[in-house]
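Dear colleague,

I am handing over the structure below, and my notes on what was found in it follow directly after. Please read them with the model open beside you.

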Amino acid sequence: MNINFDFLKRRAFNMRWAQVEEGVIPLTAADHDIKVHASILAAIQNEIQQGHLPYSPACGLIEFQMAVALHYQSQKSAIFSPDCVLATNSAASAIQHFFDYFLKEGDEVLVQNPVDFLLAHCAERAGGKVVRIPTPIPNTESENITSGWEELVSDKTKVLAICHPHNPLGFYYSPAQLKQIADFARKHQLTILSDEVWSDVVLESDFVSMRDVDEQCWLVYGLSKGFGLAGLRIGALICPSLDERDALALACGYVHTMEGASTLSQMAAVAAMGDPQILQHFITQIKPVMEYAVNGINAISFLNTSMPSATFVLWIQHPKEWDTEKLVDIIEKEARVKLVPGMERWFGPAADGYIRMSCATHMDIMKEAIHRLQKWASQQKDFQRLAK
Ligand SMILES: Cc1ncc(COP(=O)(O)O)c(C=O)c1O
């Protein structure tokens, strides 16, 4: 197993190896146990060997901007000029800067329910008010995706934020469904923010970016999920135009060097996006691990999950009357596997009754985790202690 655990126990934070008790397997934050691809590491080494680390352009290296534009054109059906790309210090900061630039105090933002906490958190930090919109996994092409959204729009609503592919539900919208969302936004004069940080981890057919359907939307992209580069803090905000990008870069401190992405991280990202085989290799590695986990979890009578069409997280349902936080704590103490509870603060109110498991690990680790969970589950007789 090619995993350097000693290193991960010192460096892997955010509820991962460095922050759990010895012996606990952390299938928590969506980060990789799998090593970064050798050609990405070589690109960083090549940059260092030049011996200089000067200031780079405020909005990002042209190599990075072009790589993002080409990657989107070849993998995600979206065409935009490299001029629209702002290199950011992570996908998370791209979200924050969009809201900081865009919102005025009291503006309302439509945010999915459930969804990863960052969209709501960043909107609130920027003075926005979050309004939750229902987000079931679409079953059919013709389904009304925006059902129940209309009555949540007010004259203060400015932004419709979507996570595409969706963390934690693991689906992505078809072009027809994206069009429904774009039509809804146009009708209510809303600006769309599409968080596409998961768009490299697609397990089924092709992914189409929101930008293919709505040229005015803003995109968030990042390399932590598809390429395991969370520690490099590298992402991009893809703006509707050069003018908008320049205005945001000025307002958010890029122009005067308070913000900006590290050159080493940008060059690592260029190498990552430049070789489609890196992603294919990663997907080939994690898909069987996820399938194993789905089968293993569904063999436990009181848990239920299914294979997502994107992301490497599983959204696992448990009996409604159980307290999610208690369940996750007990599993950590007794089964020695750490999971993420479906708490409102992590995913919104619709997360109640679910736990999330991250699967970007080696098959042997997943086998051990599933073995521990099944053994623990088979020993449970009294579920009273899990009651809300
Ligand atoms: C939906 C979503 N957006 C943004 C982020 C932030 O990504 P990064 O750590 O690359 O900034 C994450 C991380 O898990 C995420 O799941």
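A search of the whole structure finds 15 salt bridges, a salt bridge being a side-chain nitrogen of Lys or Arg within 4 Å of a carboxyl oxygen of Asp or Glu. In one of them the side chains of Arg-336 and Glu-21 meet, with 3.1 Å from N to O. This pair links distant parts of the chain, 315 residues apart, since Arg-336 is in the loop between helix H11 (324–335) and strand S10 (337–338), while Glu-21 is in the loop between helix H1 (5–11) and strand S1 (25–26). Helices (H or I, at least four residues) and strands (E, at least two) are DSSP runs, numbered from the N terminus.

Before going further, please keep in mind that this is a predicted model, in which local features need pLDDT of at least 70 and side-chain atom pairs count only at pLDDT 80 or more, while totals for chains, interfaces and linings use all residues. Residues are numbered from 1 along each chain as its sequence is written, and side-chain values use heavy atoms, with hydrogens and water left out.

The loop between H1 and S1 also holds Asn-14, which has a positive phi of about 60° although it is not a glycine. Two cis peptide bonds may also interest you. Asn-113 and Pro-114 are joined by one with omega of about 5°, and Pro-114 is found in the loop between strand S3 (108–113) and helix H5 (118–125). His-164 and Pro-165 are joined by another, with omega of about -5°, and Pro-165 lies in the loop between strand S5 (157–163) and helix H6 (175–187).

Turning to the ligand, there are 14 residues around it, of which Ala-92, Asn-167, Asp-195, Ser-224 and Lys-225 come nearest; a residue counts as near if one of its heavy atoms lies within 4 Å of the molecule. The residues of this shell divide into 7 nonpolar, 3 polar and 4 charged, where Ala, Val, Leu, Ile, Met, Phe, Trp, Tyr, Cys and Pro count as nonpolar, Asp, Glu, Lys and Arg as charged, and the others, Gly among them, as polar. Helix H4 (91–102) and helix H7 (224–227) each supply at least two residues of the shell, and the largest share, 3 residues, comes from H4.

As for individual atoms, an oxygen atom of the ligand is 2.6 Å from an N or O atom in the side chain of Ser-224, and for the side chain of Lys-225 the corresponding distance is 2.9 Å.

With kind regards

Methods:
A polar contact is a pair of N or O atoms within 3.5 Å; within protein, one must be able to donate a hydrogen and the other to accept it, and residues adjacent in sequence count only if both atoms are side-chain atoms.
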